[in-house]
Amino acid sequence: MIKSYFIIAFRNLRKNLGYSFINIAGLAMGMAVALLIGLWIWDEITFNRYHKNYDRIAQVWQHNLYNGTKESQVSNPYLMAEEIRNNFGSDFKYVLQSSWTFSRTLAHGEKIFIKRGNYFEPAVTEMLSLKMLKGTRDCLKDPYSIALSTSLAQAYFGNADPMGQIMRLDNEVDVKVTGVYEDLPYNSTFRDMGYIVPWELYLITNKWIKKMNDPWGSNFTQTFAQVADQADMEKISAKIVNVKFNKLRDEDDRKYKPEVFLHPMSKWHLYSEFENGKNIGGRIEFVWLFGIIGVFVLLLACINFMNLSTARSEKRAKEVGIRKSIGSVRAQLISQFFSESLVVALLAFVVSLLFVQLALPMFNQVADKKLALLWSNPLFWIAGISFSLLTGIIAGSYPALYLSSFQPVKVLKGTFRAGRFASIPRKVLVVLQFTVSVVLIIGTIVVFRQIEFAKNRPIGYDRNGLINIYQTTPEIHKHFDAVRNELKNAGAIVELTESGSPVTQVWNTNGGFTWKGKDPALSVDFPNNGVNYEYGKTVGLIFKDGRDFSREHATDSSAFVINESALKFLGFKNPVGEILNWNNKPYTIIGVIKDMIVESPYEPVRPSLFHIDKDQGNVFILKLNPSVSTQESIDKIKSVFTKNDPASPFEYKFVDEEYERKFQSEVRVGKLASFFAILAIFISCLGIFGLASFVAEQRTKEIGVRKVMGASVLNLWGMLSKDFVVLVIVSLVIAMPMAFYLMNSWLNKYDYRTEIAWWIFAASGVGALLITLCTVSYQSIKAALANPVSSLRSE
């Protein structure tokens, strides 16, 4: 019996190739979208699961009262891990201190590259369950050792054995290769960790750390922990809440009221955002968003199948009548129609795999992923076939129940008609299709409008022709004046400066500020960038009041330039000449600049300060000469830097490109949403095309009579198109307020946001109507141009 069901199903597919193609193609596209989104969601929710101790690893964070607001931060004092081990050792298996993942110069012989790595305490190999390909997990006990990732070992040593080889780090210290570990997967927080060097070496090479007067007042490292087996992470987190507060000696630092807590690895990726000390989510919003989109796009494809199957009900009516009259019960007919939908779904699944394989390279590039179909994984095939069967059941449910309900007496007498209300469910489904599609279109437009709005926000400096160079070794820093003069004389640059932070990031914040009128209970923390005298001229600061730093003013070494947000926070009416005390040392405010967009372009600019610090050489910032070609300038700069620091490779980054990266997340969402919106529209149009084809076929005789009676092609086109246009208009009425509500809610999370303009809805509505008319017109005009003799001959 089951075999006969599938034989009949294949016969019906061959008999109606056009409709079969539309059904299979539509379902395949919907399933392909669902598969792509499913792969993306799986990658997101399995982030960091490569590490076997995933459920027990956490990062130590802090809540602090900054500028009247409770803010959360991941950086800690360098003694945090040691303090937690000493006082709460029984609750933890490991507590490790780490540097940030920085780019550093790593050399072996003639091979000198800038690579990203970490200083970590030795037990990191155990905590992160690194797969050691050479050496053992205790390979970092010697402070002058280094463990390399597989790809880094390959880059430096090829097929030779790296063990025991000597490498030079930052042109400052030699380290021995004592281990090689498997590259960490792309969906790991530590994926950029190309090498690991012992934490002890970090303290040896940075002697200033142990000379700090108050080590608990500075936050510049990271702390990771693995709780003991069977331990309750929340209870342990509550235990360590006052670890830092109890160690603070300075009263100003105690005003921050630091609260230490554990942030589990399971939440690092999807729940990374905090507001006023509470976790408010993060990327989990995108997981829900794309999950919902995937479900709806697949639903659109299922609706196509339902509509085309029920629309052709009169074609199948006699078959149902005959089957019932010779003894078939309704359950058997339902099984028959379900078998047809399952065959279509399985064929669509095969086609969808081809679509996904073709789309994955582009999808990975847009989504910043490394996804792949798991061809050799049995679970993938079990899940895929189950997904196909479920899709087939959903798509075939309504047609099976509807077609099997026909009365055989009416059908065989020839008195069966679908009835005036038979098309209502199909119309409802078409409205649902276009409602979803229009919401996606409006949402995509709003996302890109928000991105453009933020891009057009005044940034407070001139980023054109600016480049950052992170090659700030002591050697090049020592030759700063010679490098600057040589480059200016060569005409390669307009100006050169050194800075503690790049133009597009904040690398340092400070507290300990007092000023006239300050509330003694207020704790403050300001971005405070140490620069040299040429900073303002190099980046093109816009002064609203006062002046820039100048070498002609000796007192500028004890001066601040502040931004507009700092002026507003400090409350000075005439800021120039006012005193701002920093750690009890008076600094004079000499200038006020327009707010610079250094951090997120969607958020308010923080109160920020600039001061002269000749030792802050973290970044070189250069303004290229606009009258010289960029490549010529870069070649000259490379030559000068290499001459003054031959042991370091030359790398640079354009500031405008670094600024563009601030929009990556929103651009990625916009591109993915537009991709899915286009597919949703295409699937909806595919269904309307099939329905229009059927309607034109069903009304052939009516069209013939109308043509004989004098109806024009335009009249017939309007008659056949009208019903579909009405359905799209109804969907617009539903979709527009829904889209406004959803996108307004999304925009509300941004402090700096665009407005949802009326023309977005108008353009989306007109676009949807035009697409519908174009889709329907082919079948409508084809039917209107047909010779009426052919359709009326039998009459």
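A salt bridge here is a side-chain nitrogen of Lys or Arg within 4 Å of a carboxyl oxygen of Asp or Glu. I keep that cut-off at hand for these entries, and I note that the model is a predicted one.

**Entry 1: K369 and its partners**

I looked up K369 and found its side chain meeting that of E44 in a salt bridge, at 2.3 Å from N to O. This pair links distant parts of the chain: K369 sits in the loop between α12 and α13, E44 sits in helix α2, and 325 residues separate them. I checked the cover too, and both K369 and E44 are buried.

D43 also forms a salt bridge with K369, with the closest N and O atoms 2.7 Å apart. D43 lies in helix α2 (residues 17-45) and K369 in the loop between α12 (330-367) and α13, so this pair ties together parts that are 326 residues apart in sequence. D43 is buried, as is K369.

**Entry 2: other salt bridges**

How many salt bridges does the structure hold? I read off 29.

One of them joins R104 and D170, whose closest N and O atoms are 3.9 Å apart. R104 is in strand β4 (residues 102-108), while D170 is in the loop between β8 (166-169) and β9 (173-181), so I note another link between distant parts of the chain, 66 residues apart. R104 has a relative accessible area of 9%, so I put it down as buried. D170 comes out at 23% relative accessibility, so it counts as partly exposed.

I also noted a network of salt bridges that links R484, K488, E495, E534, K537 and R551.

**Entry 3: S388**

Next I went to S388, which lies in helix α13 (residues 378-403). Is S388 buried or exposed? Its relative accessibility is 1%, so it counts as buried. Buried means under 20% relative accessible area.

What does S388 touch, apart from its neighbours within four places in sequence? I listed M31, A345, L346 and F349. I also looked at V344: S388 and V344 are 44 residues apart in sequence, and their C-alpha atoms are 9.3 Å apart in space.

T435 has its place in helix α15 (residues 424-455). With a relative accessible area of 7%, T435 is buried. Setting aside its neighbours within four places in sequence, I found T435 in contact with S731, I734, A735 and M738.

I followed M738 from there. M738 lies in helix α24 (residues 713-747). Its relative accessible area is 39%, so M738 is partly exposed.

Which residues make the nonpolar surface patch of about 730 Å²? I wrote down V726, I729, V730, V733, I734, M738, Y741 and L742. I734 and M738 are among the patch residues, and both are also among the contacts of T435.

**Entry 4: helix α25**

Helix α25 (residues 758-785) has 28 residues, and at 1.5 Å a residue it should span 40 Å. Its end C-alpha atoms are 39 Å apart, which agrees. Where does α25 bend? I found a bend of about 40° at S777.

Technical notes. Residues numbered from 1 in each chain as written. Predicted model: local features only at pLDDT ≥ 70, side-chain atom pairs only at ≥ 80, totals over all residues. Heavy atoms only, no water. Helix = DSSP H or I, 4+ residues; strand = E, 2+ residues; numbered from the N terminus. Buried < 20%, exposed > 50% of the residue type's maximum accessible area, 1.4 Å probe, protein only. Contact = heavy atoms within 4.5 Å. Expected span 1.5 Å × (residues − 1). Bend = angle between axes of the 7 residues up to and from the residue. Patch = residues over 30% accessible without salt bridge, like charges linked within 9 Å, V, L, I, M, F, W, Y side chains within 5 Å. Areas by Shrake-Rupley, 256 points an atom, 1.4 Å probe, with all protein chains shown as cover.
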